[in-house]
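Subject: The structure I promised

Hi,

Here is the structure I said I would pass on. Have a look at it first, and then read on for what turned up.

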Amino acid sequence: MSAFSSLLPAMAPTSRVDDIVDRISEAIHLGLLGDGEQLPVEPTLAKHFGVAPMTVREALGALRERGLIETRRGRTGGSFVRIPDGPPLDVLRARLVGMTGFALRDMVDEHSAIASEAAHLAAQRASATNIRQLFTYTEQLRTAGTLGARVRADSRFHIELAVAAQSERLTRQEVRLQGEVAGMLWLPVGAPIDIEGVVADHHQIAMAVAAEDATAARALTEQHIRSNLPRLSSIRIDLTGGVDGG
Amino acid sequence: MADSQATPNAEDLAGSIGALVNGVCVHLDHLARLVQASLRAAGGRPLREGDLTSVRDEIVSTLPGPQDYIGLGFAAAPEVMLDEPLYLLWWQRRGDQMGRLRLNLDPRHVDVYDYQTMDWFRLARDENRRVAFGPYVDYSGSDEVTITVSLPVIVDGAFVGVVGADLAYAEVERRWIEVLRSSAVDGVLVNSERRVVTTNSTRWVVSQRLPELPAVGSGPFTDVAMVPDGTGWVVALANS
């Protein structure tokens with residue numbers, strides 16, 4: 001058995017539908033697509049994702065079922081984004097329970113690699129606009145009144161770090177990782193999350209970027225992302241249940 | 001010494017580099033005049049979208065022209081538009097497709113795209129000057145590496161907004177690097193935030209922030225010239 005088969009799995013048509021559904025719903029939950037924003041027409045989306053129009057139609061159907069888009073007919077018709085009040089808790093719980101401890105650790109490893117490097121580069125390259133945005137998202141996280149707003153402010157902070165690194169590729173990776181991690185991290189399960197602690201971490205990272213201290217920015221971010229693993233692991237263990245007592 | 005006489009100096013290079021932004025600003029000046037005319041025609045009342053038809057038509061007809069344009073538009077100052085604290089009349093182009101940029105402009109919302117905090121808007125307003133911001137990853141807009149050129153629109157002494165053009169870095173960098181390549185020595189184009197825009201040498205990395213804006217005698221620099229386009233960008237040469 002060569003490594004070829006495991007490293008280069010074939011793309012099943014259904015997984016393409018799921019991929020598109022995931023990408024669009026993540027963009028909606030992260031606030032990258034605004035409420036009421038019109039999605040491009042089916043042929044344009046098909047071209048964008050490099051799939052058949054039929055695949056796009058199926059994906060839009062699934063997004064409609066989840067209540068994330070609304071389709072209107074007629075001259076001013078099309079598919080429009082609907083931002084839900086909060087993240088889809090059932091989906092997130094199921095996703096987290098479905099992950100092995102190994103997969104969870106692997107996800108945090110990848111996130112740590114991407115985010116720490118982004119912070120390191122951001123300290124060397126951030127524009128004044130980037131730095132202001134980092135502090136704005138930190139403040140938004142502190143004052144957020146809903147779970148949805150908290151998840152978005154957290155995600156946007158980390159995405160802004162990658163943007164501040166002036167890297168298109170790291171930004172794309174961070175957007176994808178935030179789509180995976182952010183909702184799960186804030187699941188209201190187990191011990192309540194220490195919001196002030198997260199805000200303090202973000203503030204320190206933003207300060208290091210502003211001070212052009214690349215070493216500190218990297219170290220602080222790595223520590224911050226690494227602390228996600230115990231949080232995610234304990235939620236997963238709580239949700240998995242098992243033998244009661246102990 | 002014959003070589004160094006044949007090679008252009010920083011000022012020559014800066015002049016060639018500045019031609020691009022100066023050309024963009026001819027379009028932007030025209031757009032700004034249309035915005036001013038719309039406001040004057042409204043006689044001081046807040047504008048509705050319908051009042052900006054001539055501006056929209058100009059955007060839509062100009063945008064498909066220059067190869068390097070990926071966005072063009074007007075961003076209003078607060079109070080300029082009726083019932084809309086933030087208002088963007090901005091169009092984007094991708095290949096031969098064009099569409100209006102729609103962002104969340106609701107200031108009560110956590111995801112608001114508050115362009116008033118962006119340097120291309122803020123600096124044009126606060127310093128009343130041309131701005132060239134970038135290159136940056138524009139994930140709210142074009143989703144491409146972008147340089148945004150902007151200038152303030154003033155009506156009767158009052159700031160009413162900013163007109164701007166998004167340029168594809170991939171296109172403009174090609175032209176600027178050709179200019180720098182005409183130099184026999186190491187050269188670097190640095191933006192007003194002292195970040196490297198492009199270079200003909202491996203001694204600097206694009207997007208890297210220099211410890212200070214280049215000046216003759218500081219660091220390796222032997223010849224420095226301001227790009228004559230009002231943006232505060234600088235061309236600096238260093239002997240190897």
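Start in chain A, where Glu42(A), Pro43(A), Leu45(A), Ala46(A) and Phe49(A) from helix 3 meet Pro53(A), Val56(A) and Arg57(A) from helix 4. Sorted by class, that contact has six nonpolar residues, two charged ones and no polar ones. Keep in mind throughout that this is a predicted model.

As for the geometry, helix 3 of chain A covers residues 42-49 and helix 4 of chain A covers residues 53-65; their axes come within 8 Å and cross at roughly 105°.

On the helix 5 side you'll find Arg93(A), Leu96(A) and Val97(A), and they meet Leu232(A), Ile235(A), Arg236(A), Leu239(A) and Thr240(A) of helix 12. That contact splits into five nonpolar, one polar and two charged residues.

Now over to chain B. Its secondary structure comes to five helices and ten strands. The radius of gyration of chain B is 19 Å, close to the 18 Å that the globule rule gives for 240 residues, so chain B is as compact as a globular protein of that length. Buried residues account for 44% of the 240 in chain B. Of the contacts in chain B with a separation of 6 or more, 53% are between residues 24 or more positions apart.

Chain B also divides into two parts: domain 1 takes in 2-7 + 180-238, and domain 2 is 16-170. Their centres, over C-alpha atoms, are 29 Å apart. Where they touch, ten residues of domain 1 of chain B are in contact with nine residues of domain 2 of chain B. The domain 1 side of that contact has six nonpolar residues, three polar and one charged.

Last, the chain–chain interface: 17 residues of chain B are in contact with 21 residues of chain A. On the chain B side, seven are nonpolar, four polar and six charged.

Cheers

Terms used:
Residues numbered from 1 in each chain as written. Chains lettered and ligands numbered in written order. Predicted model: local features only at pLDDT ≥ 70, side-chain atom pairs only at ≥ 80, totals over all residues. Domains from an automatic or database assignment. Contact = placed C-beta atoms within 7 Å. Nonpolar A, V, L, I, M, F, W, Y, C, P; charged D, E, K, R; others polar. Helix = DSSP H or I, 4+ residues; strand = E, 2+ residues; numbered from the N terminus. Axes fitted to C-alpha atoms, helices over the stretch in contact; angles between N-to-C directions. Rg over C-alpha atoms; globule rule 2.2 N^0.38 Å. Buried ≥ 20, exposed ≤ 12 C-beta atoms within 10 Å, placed from the backbone.
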